[in-house]
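Please keep the sequence and the structure in view while reading.

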Amino acid sequence: MEKDINGKKSVIIIALITAVSVLGNEMLFIVMPIYWKFFGLTSIWQIGVLLSANRIIRLPINSLVGLCYEKMSKRSGLLLAVILAVISTFSYGVFKGFGVLLAMRILWGIAWSFLRLGGYLTVISSSDQKTRGHFIGLYNGLWGLGTLFGMLIGGIFTEIIGIRTITTIFAILGICSIPFVIRYVPNKTADEGMEKKKTQPSVNVNRKQLLSVLLSGLLVAFVVYGIFTSTLSKVIEHQIGDSLVFLTYTVGAVAIAGVLQSFRMGLDPFLAPLIGKLSDQKFGRVPILIFALSLGTICLFIIPINTPFIAFLFIILVFQLVSTLLITTSDSMAADLSSDYSSVKTMTHYTLFVDFGSALGPLISYFVIDFIGLHWLYWSTGIIMIFLIVFWSKEFQQQRKKNFAH
C-alpha cells in the first residue's frame with residue numbers, strides 16, 4: 001500500500017512537471033497563426049513548418065533519446081528536458097525570425113522526447129500489473145492540463161499582457177519545477193531495479209504481441225492526433241459553414257473546436273485514471289480497447305454526415321471520450337510489455353510509432369480531403385478501425401482459450 005502511494009506521488013509530480021513544460025508549446029499553437037508577424041515571419045507557410053518541426057525531429061531523435069536513458073539516470077534526462085523546455089519557451093517571446101525559431105522548435109522536440117519517455121519510464125517503475133493502467137491514465141490526464149492552460153492562457157491573455165510576458169512567466173514556472181525533479185525523480189537508470197520484476201512469473205510475450213501493440217499505438221495516434229484533432233475545425237466548418245449564430249453571437253468553427261478540445265482536456269484528469277483503473281481489473285485492457293474501437297468506428301462513419309448541430313456535437317463529444325479510452329488503453333498495454341522487456345527499448349519503440357502516426361495523420365488527411373473529400377477521409381479511417389477490431393477480437397478469443405486450457 002505504501003509503495004502504491006509513493007508510486008502515485010511520483011507519477012503525479014512528473015505529470016505536473018510535464019504539464020508546466022508544455023505550456024509554451026501549446027500557447028504557440030493558438031497564438032502563432034494569428035500573430036505570426038510578431039515572431040518575425042514573412043510567409044504563412046513558415047507557420048506550418050514551425051508548428052510541425054518539433055514533431056518531425058522526434059522521429060529520428062527518439063532512438064537516440066532511448067539510448068541516453070540506458071546510460072543516464074531518469075533524473076538527468078528529465079532535468080535536461082526541463083532546461084531545454086525553459087530555453088525554447090523563453091525564446092518564443094524574445095527571438096524573431098524563421099531560422100532561429102526553427103532551431104528553438106527543434107530544441108523543444110528534443111525536450112519533449114526526453115519528457116515523454118521519462119514520464120512513461122517513471123510510470124512503469126512506480127507501478128505493477130494491478131496499478132499500471134490507473135497510473136498511465138493519471139499521468140496522461142494531468143500532463144494534459146498543460147495543453148488546456150497553455151491554450152486558454154495564450155488565447156485570453158495575449159492581447160492583455162503580451163506574448164513576451166506570457167512566455168517569460170511560463171519559462172519561470174519551468175525553472176521552478178527543477179527542484180521537484182531533483183527531489184522526486186530517482187537518480188538511477190530506467191532499467192535499474194527492474195530485475196526483481198523480471199524474475200517474477202509473467203505473460204509469455206513474443207514478437208507478434210509486441211508488434212501488435214506498437215502498430216495499435218501507431219493507428220490510435222494516427223486516428224486521434226493525426227486525423228481527428230487536425231481536421232476537427234474543418235469538420236465543424238463542414239457542418240455549420242463559416243459561422244454559427246448562438247444567442248445573437250456569431251461563433252466560428254475555430255472557436256467551437258477550441259472549446260471542444262478544452263472540454264476534453266479538462267475532463268481527462270478525472271476520466272483517464274478511471275479508465276486506466278478499470279482496465280487493471282479482471283477483464284483486462286483488450287475488451288476495453290475493442291469497445292472503444294467499435295464505438296469510435298460508429299462515430300467516424302456518422303461525423304461527416306450532415307446532421308442537426310446538437311446531434312453532431314454529441315457525436316463529437318462521444319468520440320472525444322473514445323479518444324481517451326484508446327490512448328489510455330494503448331499506452332497501458334505498451335507499459336505492460338515494458339515489464340517483460342527492457343522498459344527503455346520498448347517505450348522508445350512505442351513513442352516512435354506513436355509519433356510517426358501523429359505526423360502521418362495530418363499529411364494524409366488534407367491530401368485525401370483535397371482529392372476525394374472529407375466524407376471519405378472519415379469513412380476510410382473507420383474501415384481501418386474495423387480491421388483493428390477484428391484483429392484484437394481474435395487475439396482476445398485466443399487468449400481466453402489459453403487461459404481456459406491452463
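In this predicted model, arginine 58 and aspartate 355 form a salt bridge, with their closest N and O atoms 3.1 Å apart. The two residues belong to distant parts of the chain: arginine 58 is in helix H2 (residues 45-71) and aspartate 355 in helix H12 (residues 343-371), 297 residues apart. The count for the structure comes to five salt bridges.

**Burial of the pair formed by arginine 58 and aspartate 355**

- Arginine 58 has a relative accessible area of 6% and is therefore buried, the cut-off being under 20%.
- Aspartate 355 also counts as buried, because its relative accessibility is 3%.

**Arginine 132 and aspartate 336**

- A salt bridge joins arginine 132 to aspartate 336, and the closest N and O atoms are 3.1 Å apart.
- Arginine 132 lies in helix H5 (residues 132-161) and aspartate 336 in helix H11 (residues 309-338), so this pair ties together parts that are 204 residues apart in sequence.
- Arginine 132 counts as buried at 2% relative accessibility, and aspartate 336 counts as buried at 13%.

- Arginine 285 lies in the loop between helix H9 (253-279) and helix H10 (286-302), whereas aspartate 336 is in helix H11, so the pair ties together parts that are 51 residues apart in sequence.
- Both arginine 285 and aspartate 336 are buried.
- Through salt bridges that share partners, Arg132, Asp280, Arg285 and Asp336 are joined into one network.

Technical notes
Residues numbered from 1 in each chain as written. Predicted model: local features only at pLDDT ≥ 70, side-chain atom pairs only at ≥ 80, totals over all residues. Heavy atoms only, no water. Salt bridge = Lys/Arg side-chain N within 4 Å of Asp/Glu carboxyl O. Helix = DSSP H or I, 4+ residues; strand = E, 2+ residues; numbered from the N terminus. Buried < 20%, exposed > 50% of the residue type's maximum accessible area, 1.4 Å probe, protein only.
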